[in-house]
Amino acid sequence: MRKIFIDCPEQIPCNPCVHICPVGAITIEGSITNLPKGNKELCTGCGLCVAACPGQACFLVDTEFKEGFASVDFPYEFLPLPTVGMTVKARDNEGQTLTDGTVEAVIQRESSHQTAIIRISVPTKYAYLVRGIKPITDFVKAL
Amino acid sequence: MSDSGEKSYDVIIVGAGPAGLGAAIESGKAGARTLLLDENQKPGGQLFKQIHKFFGSKEHFAGMRGFLIGEKLLEEAVKHNVEFRLGARVWGLYPDGCVTATDEENSLNFKGKKIILATGASENALSFPGCTLPGVITAGAAQTFVNVQHVLPGKDFVVVGSGNVGLIVTYQLLQAGANVIKIIEAAPKISGYGVHAAKIRRAGIQILTGHTIISASGRDQVERVIIAKVDENFNPIEGTQQTILCDTVALAVGLSPRIELAGAGGCEMTYSKTLGGVLPVHDDNMETSFEHILIAGDLSGIEEASTALDEGRLAGCRAAYRLGLMTLEDYTSKKVMILNRLAELRCGPFGNKRMLAKEEIWKKAV
Amino acid sequence: MEESCLNKEKIVCRCEEITEEEIMAAIRGGADTLDAVKKSTRSCMGFCQGRTCKRLIASMLSSYFKRPIEDFLPGSLRLPITPIRLSILADTAISSDFGNEDAHA
């Protein structure tokens, strides 16, 4: 199952994740600058937080996506969008390419205000390291 | 006074950014005859350049993109009968509440019982050989090109400064299809939010800390820049120079409160490094050394749009209270609510310094 | 000359094209405040009215005299705060009690 994974490292005043979650799986205790906690038991994997987080710090990880592969859902705000089946460079928080990934889904919801959610599959060991992909910059090819 | 048609208002607000809009909404809501002046043709200040989702709480429209927040605020101001005068460049403020402006053709004179200055900030400059070459621009200018005019001012960028402005503008340049080669930062670590930095590092942009720009050169415009490592005193280290080929340098080296109008109006000034430099002394009611001149937003210390909005609201309420349009009870309860929200925005490792700096300023006003 | 800026000139005041060297010369020559530098070099007197260079000049003064930068800021702030046509100025009603000496200048 896809479950929430939060990588929100700094205490900044921010809490849209708490309000967007329909099942109360994200909580911030006390001050608004405290770090959010994700409750994997409650999380239904809807991904609303992934698109809503202004800091792009919410992810969904499914460690049992396929034999040997995990899926990672992350926000993506560049055009063109990748397409399902495309091979992409999966990157960590520092921009290092970890591995090749395969695009499994491209989710665009009106409520997400132009932030797409991309789901890629990567070898399971990278499940909690992947934070995004190398943007697809070849506009001409993509068109 | 001459007969050139001086119009009177209860409250005149200079600057229609988040602080000015917040002030206008509250003063209009309280029933004050409110005029909002701005030199631009469109209200909103920097809000309409902000295409990213904002931090904050629900009350600050967190999670919403900046320009949409701008639209919401405008709508609210219009609803409360705020009069807008756009394309009006204010050039003078007199202690009697007279505000002089021009639409470039005519002189426009207004008189207000209360004046709220929300003039915002200006971008800091950097001087280096070649800094006047075409292609050297500020980050704010790059943002205007890309997000307002929808034009890329260059192809290959070097961004100087890794504060939130530098990080956000870099992200938006990437979204617009520009090639950002590097961000360089003189400090030993990235100065903006980690989440903003992560967004662009994930996209593959390197943030080179401990480096400064030495020069820009080119025949008719920027063709290359030389950067170098700096020592702990920010002096370039010999032998560490490297050349980067690029056509645009975007400078994001900080903001300073835009104090000219407040200063010319006679407001007492103070200095706070944390809050961006010289700014008018003010108390926690946003009143300056002149009771009838209030300030809000970046003018009262460089912070963020959300804090500007709330400071504006506070100034608007204070003006309404002073004009007798709001009871002391109402004002006090609003003030407590707003100050509590501001205190939330000013806590945590980033905000706390600003809170302490603000308290220092408030003390000076007593 | 192959390139426009082979000379190592650092322009500090863009509007009036005043270089760092010219400002340093003024400081060495006795200009010890922002206003003194301004009066002796024309820096801060251009279109932006010092919004760009004031801070840079203040930091030069600060390192030369080894005093904090706030000792040198903000310099005089006077009307009009942005360049306007003389006709606008002439048109404008001027109240007699503006109490700001600079405004009379």
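Predicted model: local features only at pLDDT ≥ 70, side-chain atom pairs only at ≥ 80, totals over all residues.
Q: Which chains have the most contacts between them, among the two pairs that touch?
A: Chain A and chain C can be set aside, since no contact joins them and their closest C-alpha atoms lie 29 Å apart. Of the two pairs of chains that do touch, the one with the most contacts is chains B and C.

Q: How do the residues of the side of chain C that touches chain B divide by class?
A: The contact between these chains takes 39 residues from chain B and 34 residues from chain C. On the side of chain C, the elements that give two or more residues are strand E1 (11–13), helix H3 (54–65) and helix H4 (86–91). By class, the residues on this side of chain C are 15 nonpolar, seven polar and 12 charged.

Q: Which element gives the most to the side of chain B that touches chain A?
A: This contact takes 29 residues from chain A and 30 residues from chain B. Two or more residues on the chain B side come from each of helix H4 (164–175), helix H5 (194–202), helix H8 (328–345) and helix H9 (348–365) of chain B. By class, this side of chain B has 13 nonpolar, 10 polar and seven charged residues. With six residues, the element that gives the most is H5(B).

Q: Are H4(B) and H5(B) roughly parallel or roughly antiparallel to each other?
A: The two helices pack with their axes 9 Å apart and at an angle of about 30°, and their crossing is left-handed. The contact is made by residues including Leu167(B), Ile168(B) and Tyr171(B) of H4(B), together with Ala197(B) and Ile200(B), among others, of H5(B). Angles under 35 degrees count as roughly parallel, and H4(B) and H5(B) are therefore roughly parallel.

Q: What is the hand of the crossing of H1(B) and H7(B)?
A: Helix H1 (residues 18–29) and helix H7 (residues 305–322) of chain B pack at an angle of about 35°, with their axes 6 Å apart. Among the residues that meet are Gly20(B), Ala23(B) and Ala24(B) in H1(B) and Ala308(B), Gly312(B) and Ala315(B) in H7(B). The contact has 13 nonpolar, five polar and four charged residues by class. The crossing of these two helices is right-handed.

Q: In E14(B), what is the bridge partner of Ile227(B)?
A: Strand E13 (residues 224–229) of chain B pairs with E14(B) in the antiparallel sense, over four bridges. For Ile227(B), the bridge partner in E14(B) is Gln242(B).

Q: In what order do the elements of chain C run from the N terminus on?
A: Chain C has two strands and five helices. Buried residues make up 35% of its 105 residues, and of the contacts in chain C with a separation of 6 or more, 51% are accounted for by residues 24 or more positions apart. From the N terminus on, the order of the elements is β-β-α-α-α-α-α.

Conventions:
Residues numbered from 1 in each chain as written. Chains lettered and ligands numbered in written order. Contact = placed C-beta atoms within 7 Å. Nonpolar A, V, L, I, M, F, W, Y, C, P; charged D, E, K, R; others polar. Buried ≥ 20, exposed ≤ 12 C-beta atoms within 10 Å, placed from the backbone. Pairing = 2+ DSSP bridges. Axes fitted to C-alpha atoms, helices over the stretch in contact; angles between N-to-C directions. Parallel < 35°, antiparallel > 145°, perpendicular 65-115°, else oblique. Left-handed = near helix turned anticlockwise from the far one by under 90°.
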